[in-house]
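Here's a quick walk through the strands and salt bridges of the model shown below. Have the viewer open as you read.

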Amino acid sequence: MTTGGDDALLSVRGVTVKFGGIVALDAVTFDVPRGGVCGLIGPNGAGKTTLFNCLSRLYQYQEGDILYEGRSITRTPVHEMARLGIGRTFQNLAMFRTLSVESNVMIGAHSRSKAGFAASALGLGAVDVEEVALRERAAKIMDYLKLAPHKDRLVADLPFGIQKRVELGRALAADPKLLLLDEPAAGLNHEELHSLGELIKDIRDRLGITVLLVEHHMSLVMSVSDKVVALNFGRRIAEGTPAEIQRHPDVIAAYLGAPADA
């Protein structure tokens, strides 16, 4: 059995994804250390979102393996990922826009419940005690993300920046050990970007959640990440600290489109 690093919460091992004749990921390997923030960067088309979809079990991979807490998730159904402790946000907001902020966050909490959202919503089974606990958890998450003043408003009526926080709240309500953030800064203004950076570090430091971050805003990635992995054309081209990545010749070449010494 393939094993990851001793301190790795997540280990990607030789993952290869092909769409017809196109190789989207080519034997990608890296570890995400427990308790840190790992940034995943690369130009458009580098394979970042494809890898995230593999981690979420939305895509199948033809070769390799992905280990979470030392166990393969290759055969884990999509609906079981939250129960494992893996939460995710999406580049394009994926929420119930006609439901309230509280309801959206509660859906995240129910993804880890024994009864599930449908049973609780329909009043099926002895779910009252668990429902109270989940509602309390959702309230704490909304307080943490400063969403409480908006809890009864429909998500569709909120500014984009607040909608992004609602999606994050739904992911956090599932009590993840690993949080996958897919372009969380997209569409945010400068002030919101700074607040997001502080929030990501607080999620790591105060909540103890490991974060894997895909993001185009390099200043954000370099300021919050303990480790950075760079992809290009589906291959891992560099891995290291933010300082090491910023001066790595292959990373410079990938972003400038020319050899670093040209």
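Two strands count as paired if DSSP finds at least two bridges between them. Helices (H or I, at least four residues) and strands (E, at least two) are DSSP runs, numbered from the N terminus. Keep in mind that this is a predicted model: local features need pLDDT of at least 70, side-chain atom pairs count only at pLDDT 80 or more, and totals for chains, interfaces and linings use all residues. Residues are numbered from 1 along each chain as its sequence is written, and side-chain values use heavy atoms, with hydrogens and water left out.

**The sheet**

Let's start with strand E3 (residues 37-41), which runs parallel to strand E9 (residues 227-232) and is joined to E9 by four bridges. Ile41 has Ala230 as its bridge partner in E9. Both strands belong to an open, mixed sheet of six, ordered E6-E7-E8-E3-E9-E10. Strands E6 (86-88) and E10 (235-240) sit at the edges with a single partner strand each, so one side of each has no neighbour in the sheet. Helix H7 (residues 190-205) lies across E3, E7 (178-182) and E8 (210-214), at about 150° to E8. That angle is taken between N-to-C directions, on a scale from 0 to 180 degrees, using axes fitted to C-alpha atoms (for helices, over the stretch in contact), where contact means heavy atoms within 4.5 Å.

**The hairpin**

Elsewhere, E1 (residues 8-19) and E4 run antiparallel, joined by five bridges, and Thr16 stands opposite Glu63 in E4. E4 also pairs antiparallel with E5 (residues 71-72) through two bridges. With two residues between them, E4 and E5 make a hairpin, and Glu69 in the turn has a positive phi of about 55°.

**Salt bridges**

A salt bridge here is a side-chain nitrogen of Lys or Arg within 4 Å of a carboxyl oxygen of Asp or Glu. The structure holds 14 of these salt bridges; here are some of them.

| Pair | Closest N to O |
|---|---|
| Asp152 and Lys151 | 3.4 Å |
| Arg204 and Asp226 | 3.2 Å |

Arg204 lies in H7 and Asp226 in the loop between helix H8 (218-224) and E9, so this pair ties together parts 22 residues apart in sequence. Is Arg204 buried or exposed? Arg204 counts as buried, at 15% relative accessibility, while Asp226 is partly exposed at 41%. (Buried means under 20% relative accessible area, exposed over 50%, partly exposed in between, with a 1.4 Å probe and protein chains only.)
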